[in-house]
Amino acid sequence: MRLELDRIGHAFLGRAVFEDLTLSLGDGEIVALVGPSGCGKTTVLQIAAGLIDPLRGRVRRHYGGHAVVFQEPRLLPWLTARDNIAYGLAARGISKAERRAMAERRAAEVGLLARDLDKYPAELSGGMRQRTAVARALAVDPETVYFDEPFTAVDVGLRRVLQDLIIAACARDKFSALFVTHDLAEAVRLAHRIVVLSDRQEGIVAERILPGMPGERDDRSVFDTVQAWAKDPAFAALFDGDRQ
Ligand SMILES: Nc1ncnc2c1ncn2[C@@H]1O[C@H](COP(=O)(O)OP(=O)(O)OP(=O)(O)O)[C@@H](O)[C@H]1O
Ligand SMILES: [Mg+2]
């Protein structure tokens with residue numbers, strides 16, 4: 001077990017977001033956290049990552065290091081893509097040459113070209129920036145990675161490429177991931193397990209273990225699963241009108 005959220009509750013300004021939420025993340029497991037806008041997905045992720053303290057309940061982390069990938073790339077504008085990717089390695093006493101080599105290896109894994117690595121974020125396309133953000137997260141060899149709707153702002157074709165990258169990286173590097181998304185097809189493509197967060201402060205209201213392995217599900221089966229779940233009351237809020 002990498003992470004355990006045990007009966008956590010949180011509120012902002014006296015307004016409860018959720019109460020009594022229990023969720024765990026297994027070794028090498030990708031859990032997709034889905035739910036309608038404003039239900040508290042980011043709050044759960046930030047509590048899990050230690051960015052905010054829950055008002056109630058316990059968080060247990062059984063890992064050395066983690067990384068977070070946000071919806072926006074959040075790169076440092078004064079550093080090149082290469083130095084952004086290598087940024088987290090500097091604190092580890094790794095030599096500059098070695099840091100560059102590690103950054104270049106990670107960059108290649110996410111499909112960045114060598115010639116892009118000397119560019120500054122302002123000179124990169126949106127997709128290249130998000131690839132850089134993913135490479136930066138993976139560069140520190142995290143045991144757990146938190147993704148908060150990382151691909152919402154990238155176009156559909158690139159979104160698939162980046163999803164496949166995460167699937168491959170997780171299988172190779174054996175990290176666990178909590179992946180927040182409101183895109184059920186994305187969740188069905190890349191997760192081992194899906195949990196649904198209530199928008200009525202009830203915590204996790206549904207859980208589904210996906211058959212097969214991430215990366216092995218073809219488009220047809222993803223489509224069929226999403227269609228079937230659209231009729232399932234547990235997922236109703238996700239398909240409720242045009243809230244997303
Ligand atoms: N710092 C904050 N101060 C006050 N209220 C907040 C704060 N952060 C979040 N909230 C409120 O808590 C609730 C949950 O927010 P959260 O960002 O976790 O939702 P979400 O599920 O991630 O939504 P989305 O899908 O739109 O990203 C919302 O009602 C939001 O307005
Ligand atoms: Mg959010």
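Strands here are DSSP runs of E with at least two residues, helices are runs of H or I with at least four residues, and both are numbered from the N terminus; two strands pair if DSSP finds at least two bridges between them. This is a predicted model, in which local features need pLDDT of at least 70, side-chain atom pairs count only at pLDDT 80 or more, and totals for chains, interfaces and linings use all residues. Residues are numbered from 1 along each chain as its sequence is written, chains are lettered from A and ligands numbered from 1 in the order in which they are written, and side-chain values use heavy atoms, with hydrogens and water left out.

Begin at L13, which takes a positive phi near 50 degrees in the hairpin of strand 1 and strand 2, where two residues lie between the strands. Then select these two strands, which are joined by seven bridges in the antiparallel sense, and find E4, whose bridge partner in strand 2 is S24.

Now display the three strands together as an open, antiparallel sheet in the order 2-1-4. Its edges are strand 2 (15–25) and strand 4 (56–61), each of which pairs on one side only. On average, neighbouring strands are turned by 25 degrees against each other, direction ignored; axes are lines fitted to C-alpha atoms, for helices over the stretch in contact, and angles run from 0 to 180 degrees between N-to-C directions.

Finally, select helix 1 (residues 41–48), which packs on the sheet and touches strand 1, strand 2 and strand 4, contact meaning heavy atoms within 4.5 Å. The direction of helix 1 makes about 125 degrees with that of strand 1.
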